[in-house]
Amino acid sequence: MARKYEAGEKLTGIVTGIQPYGAFVSLDENTQGLVHISEITYGFVKDVNEFLSIGEEVEVKVLEVNEEAEKISLSIRALQEKPETDHRNERLRESLQERIKEQDAEGFNSLKEKLQDWIEQSGQ
């Protein structure tokens, strides 16, 4: 590494290579880091090529520096504003157990209401 990089730094680099797992970004003449596919943007990234191209200048944030292995983990996503959550999906995020408890409560109440009628009907 030509210079010492530190986690949290914001830098400008050039995309030098694209792989299925991410993109390599040159930070200086002798140093490059990797932007993992999960750190390109919020949401699902199927193909890195849909978001980045070789030679493109990108803003990145240093996530981690491993000097012994001479590896630098970078993120583009860390510099982006997090999108608002889609409120339509909040129900999907509820835990399965919470949904079961909710349905059980409704189901037992209707059984409780009908139980007396069933007892009377069975006695006839």
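How do strand β1 and strand β4 pair, and over how many bridges? Strand β1 (residues 10-19) and strand β4 (residues 57-66) run antiparallel over five bridges. The model is predicted: local features need pLDDT of at least 70, side-chain atom pairs count only at pLDDT 80 or more, and totals for chains, interfaces and linings use all residues. Residues are numbered from 1 along each chain as its sequence is written, and side-chain values use heavy atoms, without hydrogens and water.

**View 1. Strand β1 and its partners.** Thr-12 has Glu-59 in β4 as its bridge partner. β1 also joins strand β2 (residues 22-26), antiparallel, by five bridges. Here Ile-18 is bridged to Ala-23 of β2. Strands are DSSP runs (E, at least two residues), numbered from the N terminus. Two strands pair if DSSP finds at least two bridges between them.

**View 2. The hairpin of β4 and β5.** These strands pair in the antiparallel sense over five bridges. Lys-61 stands opposite Ser-75 in β5. Four residues lie between the strands, and Glu-70 takes a positive phi near 55°.

**View 3. The barrel.** Five strands close into a barrel in the order β1-β2-β3-β5-β4, with mixed pairing. Strands of a sheet pair through backbone hydrogen bonds, either parallel or antiparallel.
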